[in-house]
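Have the sequence and the structure at hand as you read.

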Amino acid sequence: MVINNNLDFICFLVKEQFSTFDGEDHECALWLLLKRSQSEDKAIRLQAVQDLASNSHWHDYQYGTVAQTCDQRTAIGLARSKDVDLRFFLPPPPLPKIKTDYPIEDELRLLLVSLPQTGLDPCVQYFTSLALRESSQTLAAQRGGLWCFGGNGLPYCETLSKIPSETVELFCLQALVQHSKISSHCDKIEAKGGLQLLQRIYQLRKDSAKIQRNIIRIIGNMALDERLHSSIVHAGWVSVLAEVMKSPHVIQSSHASRALANLDRDTVKEKYPDGVYVLHPQYRSSQPVRADILFVHGLLGAAFKTWRQQDIDRRVDKKASDGEEGYSQCWPKTWLASDCPSLRIISVEYDTHLSDWKAKCPVEAHRKSIAFRSSELLDKLKAAGIGDRPLVWVSHSMGGLLVKKMLVDASKNPEMDKIVNNTRGIIFYSVPHHGSQLAEYSINARYLLFPSVEVKELSTDSPALKELNDDFLSFAKDQKFSVLSFAETLPTHIGSMIKLHVVPVESADIGIGDLIPVDVNHLNICKPKKKDAFLYQRTLKFIQDVLAQEL
């Protein structure tokens, strides 16, 4: 017998030691699959990973064998396999002990200080300075330093010393999120031991979903750089991400899914930049993707919460509550993925604010404009492979204006031709094509004294809004895509004092396609009450009709 490599040799020894056929076959199958998982033939190794993951009859020691001997590519493939057994993964490696009087926020602060501080994007500078300021004040208060002016008896100092460590850590992590969007900074985060530090914080803060989510977001950003994949794997992140993929909370699992997709270069050619989330398929699948559905939220929305099932008031609708079979945190991920499994469903996220007082990054107001966001998001969508397949856009409120702007901009850029040419349809949920009363009300509302750029752009007399709609209609008349618009007919409560019809029916009418008024308010126009509700069923029918050839 010719022994080709170590796995061949191990399999040979196993055969020699087992006297029964069944035992020999069962034991050797594991090693053969491990050998095949490292094959140069992509089809062979993908099938081997699938066979490993789907076999539920391994013993504990066999799972351990795979965990210790599989290569990086196989470990990532297993983590992206549905219902995979977590025993396939080694736990994160032990972390070096640190002094008990050396708090985590100190380490985070040192990591931030070590990153480039000049020539930065203004928002990165803002987040970094905010984090360093807060952590420095807290540190001084705890140790009786400069901020305490010689002692810790001053009331101001006592207040500072009571800032929770979790809050300071969040400030620092939010700054690191911004830095992790810059490739050269990711190199420095890795070189300074940032992956291990983040692992330590992740393990210590299991009670804080927000901290853990920010950390996984950083890992997902760093995973965009293939040079860092080995370091990410060796720091133990694959086992963590595989576990989070099983979370019942759609936000947590989707952050982990993005990070693993960026790590999986064997089956995923696209890359998912910060704020671009795949809702389906989140695991490896043998079913080919036929088309893309892209969800774009609106003012104060988000990639997940905007698209949840409508909340049921159990006091008012007891009958519906009693018949509820399971609330959907994100109906595109649950209902739509079930009805159209051959779709890739993506949701994007970007910050919006009613007032500049609420802005997370109060610098460079132009960043909040529709024009800036269009350019930024188009680049991200191109990286994610949007335009490579037939495409349907689904938008709510201001998100619809952004969709129009992106399509108009893409039509003028030869590099974005595929996005335009592959667009099959657009769904607008209460999109203020002709402006919103929200802009006028916000000027008078006490808590909206400084309406944000987003709100100002929604003004009914906004020249930019009229120009955008004229440009879109001019562009759309030469295209073959379909348009479906939904319009709210009920007012929305904004705060405790304002009751407002945010987007009147006439403003939701773009002038092409079908317009359907629905008896819901602005917030619920994109949140169906249940799967058999008109809103969802009409949305589903539109998608199935425009993608009939693909589905």
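This is a predicted model: local features need pLDDT of at least 70, side-chain atom pairs count only at pLDDT 80 or more; totals for chains, interfaces and linings use all residues.

Residues are numbered from 1 along each chain as its sequence is written, and side-chain values use heavy atoms, with hydrogens and water left out.

You will find A235 in the loop between α13 (229-234) and α14 (237-244); helices here are DSSP runs of H or I with at least four residues, and strands are runs of E with at least two, numbered from the N terminus. Leaving aside residues up to four places away in sequence, A235 touches P92, P93, L195, Q196 and Q199, where contact means heavy atoms within 4.5 Å. P94 lies 141 residues from A235 along the chain, with 9.5 Å between their C-alpha atoms.

Next comes α14, with seven of its eight residues buried. Among them are W237 and V244. The buried residues of α14 pack against these helices, as well as α13:

| Helix | Residues |
|---|---|
| α5 | 72-79 |
| α11 | 194-204 |
| α12 | 209-222 |
| α15 | 250-263 |

Now to the sheet. Its seven strands form an open, mixed arrangement in the order β1-β3-β2-β4-β5-β6-β9, and two strands pair if DSSP finds at least two bridges between them. At the edges, β1 (276-280) and β9 (514-518) each pair on one side only. β1 runs antiparallel to β3 (residues 343-348), joined by four bridges, and H280 stands opposite I345 in β3.

Notes: Buried means under 20% relative accessible area, exposed over 50%, partly exposed in between (1.4 Å probe, protein chains only).
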